[in-house]
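Work through each task before reading its solution.

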Amino acid sequence: MDTSIKSGHSFTDDKMSRGSPSQDLQPQTPKVAPAMPKGPYQQGKNSTLRYGITDIPRWWECVLLGLQHFLTMLGSTILIPLIIVPAMGGTTNDLAKVINTCFFAGGINTLVQTIVGGRLPIVQGGSFAYITPALAIAGTIQTTMTFESDHDRFLYTMRVFQGGIIGSSFFIIAAGALGFFTVCMRFISPLTIAANISVLGLALYGAGFPSVGACVQLGLVQIVLLLAFSLYMRRLKIFGMPIFAMFPVILAIGITWLYAYIMTVAGVYDDSKPETQQSCTTWASNNGNVLSEASWFRVPYPGQWGAPIFTSTGVFTMLAGAVPVTLESLGDYFASAQLSNAPPPPPDVIGRAVGAEGVCCCISGVLGTTTGSSAYAENVGAIGITGVGSRRVIQTGAGIIIVISVIGKFGALFASIPNAMVAGLFCVMFSLISGVGLSNLQHIDLNSSRNLLILGFGLYMGLSIPDYFSTYTAAHGHGPINTGDQDFNNVMNSIFSTAAAVTLIITLFLDNTVPGGKRERGLHIWEELMASLGGGEWWEDEYMEKIYGWPFGLTPKWRRFKAKCINKMLSFVPARIRNFFSKKDKKEKDVKQPAPQLETAPTLEPIRTASGEEAA
């Protein structure tokens, strides 16, 4: 690849740039493609980023920053078992084991995603989208079957969950491996990406201040401290280090947690309502004395609840959670790349990330976590707040959380965090996610009424339709889609109850059916990205391969091996058919990439004699 093209990357950060824009080489002949101009990636650059994807901080920074990332996932990781396990008939001891298993699976799945998946700084964990399908299965088992004890019902329900999660994960793996999302990415513009990412945060407004309001004196402290550390005190240094900018989450959670513990010990809430105690105190949050019931050391293992039970109802009901979660994760991938100052992930990398998420769901099902696996939006928000998008930090945090999950008391200790603290954390994290999504609008024409209507309609309906489905279900006991096939009903009602899925469907359809120019839709940024690669594959570019390629340079090796295998398979195809398609591909290539016009000598006017005749 020509060095003049390499120097034109507008999306590289200061540490990895190959040259400033003023030093870009100018093309010497018409055959050389010009360097990629200053474009959307420089304009949307995260100026507060301290560590990019490929940066490796010092070891102690990796430990603290990694722990900070996983502290942001505590809310979802703990709340999901607190909701589902009691409905399954589980005891306090069962709850402690499930919480530890969730931490253990989250660490393993994060390593899978960051090593062989999309390679973005993404944390994997349970998703709230699985709660409705899980509660539906648990309720059906409770009303249609009898057991000797609630613990036996818990074990049977968990095994059905495992079979459903494992079975549904194969659909996600197949979608990623067969290139389904690779094809879909060709039709996704920055307009669709902006709406999809923004609605991730907006749709979770119910998990924010309504829960903070249950204990304002604690939830507001969490919000104020987090904003103060990450915004007002981010330039303040202690011993030459921006402590508040790098560790705002750890500091805010630690101070607020200590404040809640002191108020609890002082007996401030002894005479309060149970709801207030649940939201404000560390004791009430420790449901059923989880800390005392948890074992000191326990390693989760496959089959710890028994052999999985596979049923069609269980598989398709869990698929109702897996499909919207996968669509939701698409926005997280783009948001993570943008906050880390990385180029947008290529379509096949998105497909690889989706396939890896399917593998993560399978791992969660094998271990028994009650839900599948999803990319955590709150951790994407943590990148924007802390300015740390290092992949090594996420991997270090995954190792830490695996160790913590083996020590049962630590996992149970995190369950003592009051609900209002978690809600205060959500208020800041999810707000940042919405802002990141809206920042993608810089690539489209905001003076176009077409774009404004598609964006507004997609966001509004993405919030309105799920609200209608939830309200209808609560009033009638079933969703608006109520056909004779219960599995079909569960999948469709779950999709249209998820804001990210609804917004993606609406904006994707309108953006590709309503006429609009490339620059109007923002599609020109994909062309600029391909131009920066010199018309080659992304894995042939050193910078892109370092970000999205597999470790040890395996991606180019795998691509070459794959090409050889395909060529060998094609050798069995009749020559006439093979030549027909090769000619067709060559024609298409010639049309898409016309040969450059070479400079020719200037045309000389013929010399004429006095009589008007041309001279020899």
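**Exercise 1.** Is Cys360 buried or exposed?

*Solution.* The model is a predicted one. The cut-off for a buried residue is under 20% relative accessible area. Cys360 has 0% relative accessibility, so Cys360 is buried.

**Exercise 2.** Classify Cys102 as buried or exposed.

*Solution.* The relative accessibility of Cys102 is 13%. The limit for buried is under 20%, so Cys102 counts as buried.

**Exercise 3.** How many disulfides does the structure hold, and which residues are joined?

*Solution.* There is one disulfide. Its partners are Cys215 and Cys280, with an S to S distance of 1.9 Å. Now place the two residues: Cys215 sits in the loop between α10 (209-212) and α11 (216-232), whereas Cys280 belongs to helix α14 (residues 274-280), so the link ties together parts that are 65 residues apart in sequence. For the geometry, the angle about the S-S bond is 130 degrees, and the link of Cys215 and Cys280 is right-handed. Both Cys215 and Cys280 are buried.

**Exercise 4.** Describe the protein chain by its secondary structure, burial, contacts and surface.

*Solution.* Begin with the elements: the protein chain has 30 helices and two strands. Then consider burial: 51% of its 616 residues count as buried. Among contacts with a separation of 6 or more, 82% are between residues 24 or more positions apart. Finally, the protein chain has an accessible surface of about 28,500 Å², and carbon and sulfur atoms account for 63% of this area.

**Exercise 5.** What lines the second largest pocket, and which helix gives the largest share of the lining?

*Solution.* The second largest pocket holds about 1,500 Å³ of space. Its lining consists of 50 residues, of which Phe128, Ala129, Thr132, Ser497 and Thr498 are the closest to the centre. Helix α23 (residues 449-476) supplies the largest share of the lining, seven residues. By residue class, the lining of the second largest pocket comprises 26 nonpolar, 21 polar and three charged residues.

Definitions and conventions. Residues numbered from 1 in each chain as written. Predicted model: local features only at pLDDT ≥ 70, side-chain atom pairs only at ≥ 80, totals over all residues. Heavy atoms only, no water. Disulfide = S-S within 2.5 Å. Helix = DSSP H or I, 4+ residues; strand = E, 2+ residues; numbered from the N terminus. Buried < 20%, exposed > 50% of the residue type's maximum accessible area, 1.4 Å probe, protein only. Contact = heavy atoms within 4.5 Å. Areas by Shrake-Rupley, 256 points an atom, 1.4 Å probe, with all protein chains shown as cover. 1 Å grid on protein atoms, 1.4 Å probe; cavity = no way out; pocket = protein on both sides within 12 Å on 5 of 7 lines; lining within 4 Å. Points joined across faces, edges and corners; volume = space filled by probe spheres on them. Nonpolar A, V, L, I, M, F, W, Y, C, P; charged D, E, K, R; others polar.
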